[in-house]
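Please keep the sequence and the model in view while reading.

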Amino acid sequence: MTIGVDDDESAFSRLEDNKGLAESWLRICGRLKGEVGEVEYRTWLTQIALGPIDGDEITLLLPTRFLRDWVRSQYGDRLNELWHNEVPALRRVELQVARPGDPAPLQLAEVAASPVGSPSAPEEQNPATKPVAEVRSDLVTALDSRFTFDTFVVGKPNEFAYACARRVAEKPSSVGFNPLFLYGGVGLGKTHLMHAIGAELVRSGNVSVAYMSAEKFMYRFIAAIRSQSTIEFKEQLRSVDVLMIDDLQFLIGKDNTQEEFFHTFNALVDAGRQIVVSADKSPSDLSGLEDRLRTRLGCGMVADIHATTFELRISILEAKAAASGVVVPAKVLEFLAHKITSNVRELEGALNRLIAHANLFGRPVTLEATQDVLHDILKAHDRRVTIEEIQKKVAEHWNIRLTDMSSARRARNVARPRQVAMYLAKQLTSRSLPEIGRKFGNRDHTTVMHAVNRVTELMERDAAFAEDVELMRRMLES
Ligand code: ADP
Ligand code: MG
């Protein structure tokens with residue numbers, strides 16, 4: 001028995017004409033917009049482009065993997081349903097990442113004006129409005145919804161940059177400094193702050209924002225030259241209220257693009273619009289940039305994001321662990337914050353892996369599991385540990401003075417950590433007992449041996465103590 005032949009045929013004859021498909025899509029978008037609200041709709045769903053149909057499956061295209069996954073997890077089922085309602089022959093919606101040359105998203109601005117689910121298709125084919133609309137959508141690179149002010153953890157190293165970013169997001173027209181120039185090493189939160197500014201402005205409405213990496217800026221500029229649409233490109237860029245260009249260092253050595261950016265920059269500043277720029281170095285250190293551009297970049301507010309401190313790393317880990325809903329013991333967080341000091345991206349990556357692992361296997365996160373799961377990451381961060389480092393870390397942990405590592409004081413609260421440090425020196429370095437003894441205030445090798453035995457013994461008897469020493473060992477281990 002064949003089911004629904006009639007249905008299928010009529011559906012496919014409709015599908016053959018693209019206009020019908022576009023109309024269906026517009027109706028679906030209208031519905032979705034009503035269901036999810038303006039902001040969600042604008043942030044996520046305007047990015048979707050129609051792809052090909054194959055059998056009972058329609059493909060929808062998204063510009064990035066992140067967006068695809070997000071749309072799939074948040075709207076996948078609903079999209080399936082809505083498409084099936086529109087075109088009963090369609091049983092599956094496939095979400096894919098768009099490749100160069102794939103169709104661009106339709107412009108759905110008009111859907112807002114027409115009643116939800118209205119059967120009449122908006123006039124998006126209007127030749128007069130089309131090219132403009134296309135360039136517009138191009139300017140607004142998708143904002144990552146995870147990067148907001150709420151999810152940005154503020155600490156000493158980034159508080160100034162954060163405050164400046166907030167300021168721009170609140171009152172872009174009267175900030176008093178232009179541009180805001182954010183700089184700092186890789187993975188320290190520059191892009192996060194820029195997206196946060198964008199998200200805040202989009203939420204507050206009636207401000208047009210363009211965010212793109214310098215690389216994308218160049219790519220679009222070149223594409224505009226090729227398609228002889230540089231005038232539109234320039235006009236579009238110069239019509240925004242806030243322009244944000246990320247990773248400006250990319251423009252070093254790209255003279256034409258720099259020139260174009262310089263003019264855009266001036267035009268916007270003259271028109272009283274706000275510019276936010278990020279780079280890996282301060283304007284004065286970006287030596288490959290043209291002098292006049294460098295000078296202008298330095299004229300506004302220059303905010304440095306410094307390397308993270310241990311405290312900030314802990315706060316960030318705590319926030320991210322809490323948001324994940326997985327219980328991560330404080331000892332594990334401390335361990336990570338000690339071990340992974342390079343940047344927040346790596347720190348976050350390590351924590352995410354732990355969390356994914358815990359979710360997947362339903363096992364609690366422990367120090368042992370951490371060591372296991374992050375084996376490769378930790379190895380990359382390993383270095384040879386020295387006796388001096390051991391003494392320093394142990395002294396910090398037990399809150400004694402570093403000089404007490406070599407002092408003659410015998411009080412238990414000093415002697416015990418000193419013994420632990422000797423024990424760790426034996427475990428983690430290839431130094432001989434006499435050598436270790438010398439580093440601890442010229443003590444005899446038998447003293448070191450005694451310390452090693454004493455700590456081993458105590459660890460067997462006292463689980464809490466053992467755990468402390470273990471933690472130290474893992475932190476220092478090479
Ligand atoms: P950059 O652009 O400076 O290279 P990103 O903004 O891409 O760095 O940050 C890298 C990752 O670290 C992102 O996932 C971001 O959310 C996270 N991150 C950086 N700084 C913070 C912070 N202060 N609080 C929370 N997350 C942060
Ligand atoms: Mg970045």
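Glu259 and Arg292 join their side chains in a salt bridge, with 3.1 Å from N to O. This pair ties together distant parts of the chain, since Glu259 lies in helix H10 and Arg292 in helix H11 (residues 291-297), 33 residues apart. The model is a predicted one. Glu259 has a relative accessible area of 32% and is therefore partly exposed. Arg292 is also partly exposed, because its relative accessible area is 36%.

The structure has 25 salt bridges. Three of them are set out below.

| Salt bridge | N to O distance |
|---|---|
| Glu259 and Arg292 | 3.1 Å |
| Glu200 and Arg203 | 2.9 Å |
| Asp404 and Arg409 | 3.0 Å |

In the pair of Asp404 and Arg409, Asp404 counts as buried because its relative accessibility is 4%, where buried means under 20%. Arg409 is partly exposed, with a relative accessible area of 37%. Elsewhere, Glu368, Glu470, Arg473 and Arg474 form one network through salt bridges that share partners.

Glu200 and Arg203 both belong to helix H7 and stand 3 residues apart, so about one helical turn separates them. In general, an α-helix has 3.6 residues a turn, so residues three or four places apart point the same way. Glu200 counts as partly exposed because its relative accessibility is 21%. Arg203, at 55% relative accessibility, counts as exposed.

Several residues of H7 are buried, among them Lys190, His192, Leu193, Met194 and His195. Further along, Leu201 and Val202 are also buried residues of H7. Just after this helix comes Gly205, with a positive phi of about 80 degrees.

Helix H10 covers residues 255-270 and includes Thr264. Is Thr264 buried or exposed? Thr264 counts as buried because its relative accessibility is 0%. Apart from neighbours within four places in sequence, Thr264 is in contact with Phe217, Leu237, Arg238 and Leu243.

Definitions and conventions: Residues are numbered from 1 along each chain as its sequence is written. Chains are lettered from A and ligands numbered from 1 in the order in which they are written. This is a predicted model: local features need pLDDT of at least 70, side-chain atom pairs count only at pLDDT 80 or more; totals for chains, interfaces and linings use all residues. Side-chain values use heavy atoms; hydrogens and water are left out. Helices (H or I, at least four residues) and strands (E, at least two) are DSSP runs, numbered from the N terminus. Buried means under 20% relative accessible area, exposed over 50%, partly exposed in between (1.4 Å probe, protein chains only). Contact means heavy atoms within 4.5 Å. A salt bridge is a side-chain nitrogen of Lys or Arg within 4 Å of a carboxyl oxygen of Asp or Glu.
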